[in-house]
Amino acid sequence: MKKLCSIYKSLRDDGMYLFVDRDEGLERVPELLLARFGEPELVTTLVLTPERKLARTDAGTVLNSISERGFYLQMPPTAEEYMLALRNRNTKL
C-alpha cells in the first residue's frame, strides 16, 4: 500500500500533527478535532509506504488510520517520552 499524504502541524499545540490523504485533504477530519487542533499549517507532502521510517510512529499504523478514519493524529510526546528520547540521543554522542 502506498499513499500520497499531507502532514499538517497544529499552531495551537506544539508536537501535534495530522496526517491525511493528499487528495482528500481535511474533509474526513471531524469538525470537533479540527476545532481542537486549531488552524492547520501544511508542513510537507510525502509518499508513505509501510516500510517508510517515521520519527515517532509506525508508517503502517498511519496508513491504516488514514484508510479507515480519513486521518492519523500524532499527539505531542509525554514528558517521559521526551526525557527518554533526550537520554537516548545523548548516549549516542
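**Ground rules.** I number residues from 1 along each chain as its sequence is written, and side-chain values use heavy atoms, with hydrogens and water left out. Because the model is predicted, local features need pLDDT of at least 70 and side-chain atom pairs count only at pLDDT 80 or more, while totals for chains, interfaces and linings use all residues.

**Strand β1.** I took helices (H or I, at least four residues) and strands (E, at least two) as DSSP runs, numbered from the N terminus. β1 covers residues 3-10, and six of its eight residues are buried, where buried means under 20% relative accessible area, exposed over 50% and partly exposed in between, with a 1.4 Å probe and protein chains only.

I then looked up the pairing of β1; two strands pair if DSSP finds at least two bridges between them. β1 runs antiparallel to β3 (residues 40-48) over eight bridges, and five bridges join β1 to β2 (residues 17-21), also antiparallel. I checked Ile7 on both sides: its bridge partner is Thr44 in β3 and Phe19 in β2. The hairpin of β1 and β2 has six residues between the strands, and Gly15 there takes a positive phi near 95°.

**Lys3.** Is Lys3 buried or exposed? Lys3 counts as buried because its relative accessibility is 17%. Its side chain makes a polar contact with the side chain of Asp21 at 3.3 Å. For a polar contact I require a pair of N or O atoms within 3.5 Å; within protein, one must be able to donate a hydrogen and the other to accept it, and residues adjacent in sequence count only if both atoms are side-chain atoms. Lys3 also touches, among others, Leu46, Leu63 and Ile66, not counting residues up to four places away in sequence; contact means heavy atoms within 4.5 Å.

**Helix α2.** α2 spans residues 59-69, and its buried residues include Ala59, Val62, Leu63 and Ile66. The buried residues of α2 pack against β1, β2, β3 and β4 (72-74). Asp58 caps the N-terminal end, with a side-chain oxygen 3.2 Å from the backbone nitrogen of Gly60. Gly70 follows α2 and has a positive phi, near 95°.

**Cores.** A nonpolar core is a set of buried Ala, Val, Leu, Ile, Met, Phe, Trp, Tyr and Cys residues joined through side-chain atoms within 4.5 Å. The largest has 10 residues, among them Cys5, Ile7, Phe19, Val62 and Tyr72. α2 gives the most to this core, with four residues. I noted a second, separate core of nine residues that includes Met16, Leu18, Leu33 and Phe37.
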